[in-house]
Amino acid sequence: MIEYVMHDEEDNVGVVVVDIDTGQLARGRTLHGNGAPEVKALSEIPLGHKIALRDFEPGDTIIKYGVDIGQVVEPIKTGEHVHVHNLKTKRW
């Protein structure tokens, strides 16, 4: 079973397709059917939210659906929940 999908090979976050528990091993795949990295969840991540596929520092860019969706404002470790508490849009 997969727990997250990457819409594009360039994505650095995965979109969670089932609720993920802290400590759970999350398996992913791309929409093209290719495998994606297995990531140990460091926090609970609800369905539809994002899981970090690598470490991020403030100022880094998050890529989802192959598109820049915002800038990291707090450090994020691989496997953590990526959402409004650590990611902000660059639009304003």
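Biologist: Is Glu3 buried or exposed?

Modeller: Buried: Glu3 has 2% relative accessibility. Buried means under 20% relative accessible area, exposed is over 50%, and partly exposed is in between, with a 1.4 Å probe and protein chains only.

Biologist: Before I go on, what kind of model is this?

Modeller: A predicted model, where local features need pLDDT of at least 70, side-chain atom pairs count only at pLDDT 80 or more, and totals for chains, interfaces and linings use all residues. Residues are numbered from 1 along each chain as its sequence is written, and side-chain values use heavy atoms, with hydrogens and water left out.

Biologist: And what's the mean pLDDT of the chain?

Modeller: It's 94, and 100% of the residues reach 70 or more. pLDDT is the predictor's confidence in each residue, from 0 to 100.

Biologist: Which element has the lowest mean?

Modeller: Strand E4, residues 35–40, at 87, while strand E5, residues 50–52, has the highest at 98. Strands here are DSSP runs of E with at least two residues, numbered from the N terminus.

Biologist: Back to Glu3, what does it form a salt bridge with?

Modeller: Arg27, with the closest N and O atoms 2.9 Å apart. Glu3 sits in the segment before E1 and Arg27 in strand E3, so the pair ties together parts that are 24 residues apart in sequence. Arg27 counts as partly exposed, at 30% relative accessibility. A salt bridge here is a side-chain nitrogen of Lys or Arg within 4 Å of a carboxyl oxygen of Asp or Glu.

Biologist: How many salt bridges does the structure hold?

Modeller: Three. Another of them is Lys90 with Asp68, whose closest N and O atoms are 2.8 Å apart. Lys90 lies in the segment after E9 and Asp68 in strand E7, so that pair links parts 22 residues apart in sequence. Both are partly exposed, Lys90 at 41% and Asp68 at 38%.

Biologist: And what does Arg54 pair with?

Modeller: Arg54 forms a salt bridge with Asp60, with closest N and O atoms 3.9 Å apart. Arg54 is partly exposed at 35%, as is Asp60 at 24%.

Biologist: Asp68 again: which residue stands opposite it?

Modeller: Ile63. Strands E6 and E7 (residues 67–72) pair in the antiparallel sense over four bridges, and Lys64 stands opposite Val67 in E7. Two strands count as paired if DSSP finds at least two bridges between them.

Biologist: What's in the turn of that hairpin?

Modeller: There are two residues between E6 and E7, and Tyr65 takes a positive phi near 60 degrees.

Biologist: What's the strand order in the sheet?

Modeller: E6-E7-E9, an open sheet of three strands with antiparallel pairing. E6 (61–64) and E9 (87–88) are the edge strands with a single partner each, so one side of each has no neighbour in the sheet.

Biologist: How many bridges join E3 to E4?

Modeller: Four, with E3 (residues 25–30) and E4 running antiparallel. Gly28 stands opposite Ala36 in E4. This hairpin has four residues between the strands, and Gly33 takes a positive phi near 90 degrees.

Biologist: New topic: what does the side chain of His81 contact?

Modeller: The side chain of His49, in a polar contact at 2.8 Å. A polar contact is a pair of N or O atoms within 3.5 Å; within protein, one must be able to donate a hydrogen and the other to accept it, and residues adjacent in sequence count only if both atoms are side-chain atoms. His81 is in strand E8 (residues 81–82) and counts as buried, at 14% relative accessibility.
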